[in-house]
Every structure is written in C-alpha cells, then in structure tokens.
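This report describes a ligand site, a metal site and selected backbone features. The sequence and the structure are shown first.

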Amino acid sequence: MALLKILHYPDPKLHTVASPIPEITDDIRGLAADMAETMYAAPGIGLAATQVDRHVRLIVVDVSEDKNALRTFINPRIIAREGEAVHEEGCLSVPGIYDKVTRSERIRVEALGLDGKPFTLDADGLLAVCVQHEIDHLDGKVFVEYLSRLKQSRIRGKLLKQAREAM
Ligand code: K1U
Ligand code: ZN
C-alpha cells in the first residue's frame, strides 16, 4: 500500500469530472486500498479519487470514532434526498479551512462495492454530509464553491500564499 499525494485547492485538476468505473480491476482495488490508507493517515473521514489525481468514480468514507467502519463506493449515485441540514465541513484539499454548508439531511445512495455487487445505503448525519461532499469531488466541485465569492477569493489567496511559502 502507499500514501498518495492530495491535490490542494485551487489546483484546476480538482474540477475534473470523474469517469464511471466499467470494471473492478486489481488497479481499482489497489487504488481503493491506497486511498483508505491516505485518508486514515491525513487524518480524514472521507476521500475521493479526484483528490489524489485519479479521475474515476471511487470514494472511501469512515465516519466511525474507532476508524473501523471503512466503506468503499464505486460509481456512487444519490437516488433520493430529504430535508436540509447545515454542517461545518472541512476538506483535505483545502487545509485549515472550515465553514458551514447546507446539504440534504438524509440521502439514499446506490453504488457498487469492491466485490462488484450493487448496494444501497440510507444515510443521515455526518455520513450523509461526507458522502455528498465526496460525490461533489467526483463531479469536480469543492465545498468552498458553496461559500460567497468573497470567501472563495480569500481562501484561494491564502492557499496560493501557503503553496508559494512551501516551495
Ligand atoms: O473530502 C475530504 O477532503 C475529506 C474531508 C471529509 C469531510 C469532512 C467534514 C465534513 C464533510 C466532509 C475530511 O475528512 S476533512 C478532516 C475532518 O473532517 C476530520 C479529520 C479528523 C477527524 C475528524 C474529522
Ligand atoms: Zn474534500
């Protein structure tokens, strides 16, 4: 297994729309394992393939306290939504920035597991927030795009400065 490099906003590659995975190969299984290792090491509660510069529809999520409830979603799709809730979000691609985002309160997701079998999951709370955040990444959307233009431009400036200073 390997730790993968996470792209940082405002890298334009974060706006790539990911392609569906037609077949679950050893490469996809390896990518899923590396993404899980990278998410736990960060540490984070989710990671989308887009964030590690692989533009395929694959996300990993673990919102458990003990980090023992890893879920892998291949070609995830939200097939039902209910309600609205506001939650504070962070993003491994936007380090040090946290802000409130309004999303659906409850969702039903359809996906394939790593075994290639389809499943549906009803999610609420942090799991629902995290799955929506990760599917947004697959669609090329970063959570800061829910914030005002002014906040987006401040965040962009702050992260570009950090990147320059790290060189
Ligand atoms: O997609 C990502 O960048 C991962 C992101 C997921 C997420 C967090 C909060 C709300 C929505 C989506 C993160 O994991 S940021 C780090 C984080 O929230 C966290 C880290 C350690 C312990 C608990 C939370
Ligand atoms: Zn994110």
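A backbone N or O atom of Ile 45 lies 2.8 Å from an oxygen atom of ligand 1; a polar contact is here a pair of N or O atoms within 3.5 Å, where within protein one must be able to donate a hydrogen and the other to accept it, and residues adjacent in sequence count only if both atoms are side-chain atoms. This is a predicted model, in which local features need pLDDT of at least 70 and side-chain atom pairs count only at pLDDT 80 or more, while totals for chains, interfaces and linings use all residues. Residues are numbered from 1 along each chain as its sequence is written, chains are lettered from A and ligands numbered from 1 in the order in which they are written, and side-chain values use heavy atoms, with hydrogens and water left out.

| Residue | Protein atom | Distance to an oxygen atom of ligand 1 |
|---|---|---|
| Ile 45 | backbone N or O | 2.8 Å |
| Leu 92 | polar backbone atom | 2.7 Å |
| His 133 | polar side-chain atom | 3.2 Å |

On its own, ligand 1 has 530 Å² of accessible area, of which the protein covers 79% (Shrake-Rupley method, 1.4 Å probe). The ligand is surrounded by 13 residues, and the closest are Ile 45, Gly 46, Gln 51, Leu 92 and Glu 134 (a heavy atom within 4 Å). By class, this shell holds 5 nonpolar, 6 polar and 2 charged residues, with Gly counted as polar. Helix H2 (residues 125-138) gives the largest share of the shell, 4 residues; helices are DSSP runs of H or I with at least four residues, and strands are runs of E with at least two.

The zinc ion (ligand 2) is coordinated at 2.0 to 2.3 Å by Cys 91 (SG), His 133 (NE2) and His 137 (NE2). Donors are N, O and S atoms within 2.8 Å of the metal (3.2 Å for Na, K and Ca), and water is not among the atoms, so sites may look incomplete. Along the chain, the donors of the zinc ion follow the spacing C-x41-H-x3-H. Cys 91 lies in the loop between strand S4 (85-89) and strand S5 (99-103) and His 137 in helix H2, so the pair ties together parts that are 46 residues apart in sequence.

Two cis peptide bonds concern proline. One joins Tyr 9 and Pro 10, with omega about 5°, and Pro 10 is in the segment before helix H1 (26-41). Another joins Ala 42 and Pro 43, with omega about -5°.
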